[in-house]
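Dear colleague,

I am handing over the structure we spoke about, and I would be glad if you could look through it alongside the notes below.

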Amino acid sequence: MERIVLTPGARRALDAASRLFYERGIHAVGVDLIAAEAGVTKKTLYDRFGSKEQLVVEYLAARDERWRAFLAERLAASDAAGGGAVERIVAVFDASRDWMEEFSRRGCSMVNAHAEIDDPGHPAYAIITGQKAWMLDLFTTLAREARTADPAAPEPESLGRTLALLHEGALVAHGLRTFPDPVGHARDQARTLLGTVGRTRAD
């Protein structure tokens, strides 16, 4: 995926677009509003990005990169503390809980974007689905690590999908304000699911 080299004006435009897309929705925000909020002309916006679609691509790609870096730091901290596979899985949920509280109070940006962009031909579609596929792969990889630590652990493909479902359901419940602290609840359910592995490691 080709990304834009950001000039200061383009950075202001992307920052404004990112905030507006997340707060108001992608379809509800036009280039006139983005240009006005960023203090740039529409010509500058089109010169730098070419289209609103590319702005959406840059917005979602930047959030995806920030999330992956945020999660990598949390997993590294778990490793440094001597955490095993189970602790790494729990760390993913803890990271998501903190991320949602700090950066995503209106829900997962990818889930929200998919509600508006369901055409596989849209250039941002691959970013949305790509992040979710990456999360499933991460959970499956961690489930394999848990199986290595304890051969009695659940089959990795099935466990990875179950953890991904817990995680995604929690993100949606967070955005809808279905009940308090859904990501924390999902983390606790994952911990319960993984309890037999943890007990095996502790014995």
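What follows goes from the whole chain to one residue.

Please bear in mind that this is a predicted model, in which local features need pLDDT of at least 70 and side-chain atom pairs count only at pLDDT 80 or more, while totals for chains, interfaces and linings use all residues. Residues are numbered from 1 along each chain as its sequence is written, and side-chain values use heavy atoms, with hydrogens and water left out.

The protein has 10 helices and zero strands, where helices (H or I, at least four residues) and strands (E, at least two) are DSSP runs numbered from the N terminus. Its C-alpha atoms occupy a box of roughly 65 × 35 × 30 Å, taken along the principal axes. Of the 203 residues, 44% are buried, meaning that their relative accessible area is under 20% with a 1.4 Å probe and protein chains only. Among the contacts (heavy atoms within 4.5 Å) with a separation of 6 or more, 68% are between residues 24 or more positions apart.

Valine 40 lies in the loop between helix H2 (31–38) and helix H3 (42–49), and this residue counts as buried because its relative accessibility is 13%. Leaving aside residues up to four places away in sequence, valine 40 touches Gly9, Arg12, Ala13 and Ala35. For alanine 13, which is 27 residues from valine 40 along the chain, the C-alpha atoms of the two are separated by 7.2 Å.

Technical notes
Buried means under 20% relative accessible area, exposed over 50%, partly exposed in between (1.4 Å probe, protein chains only).
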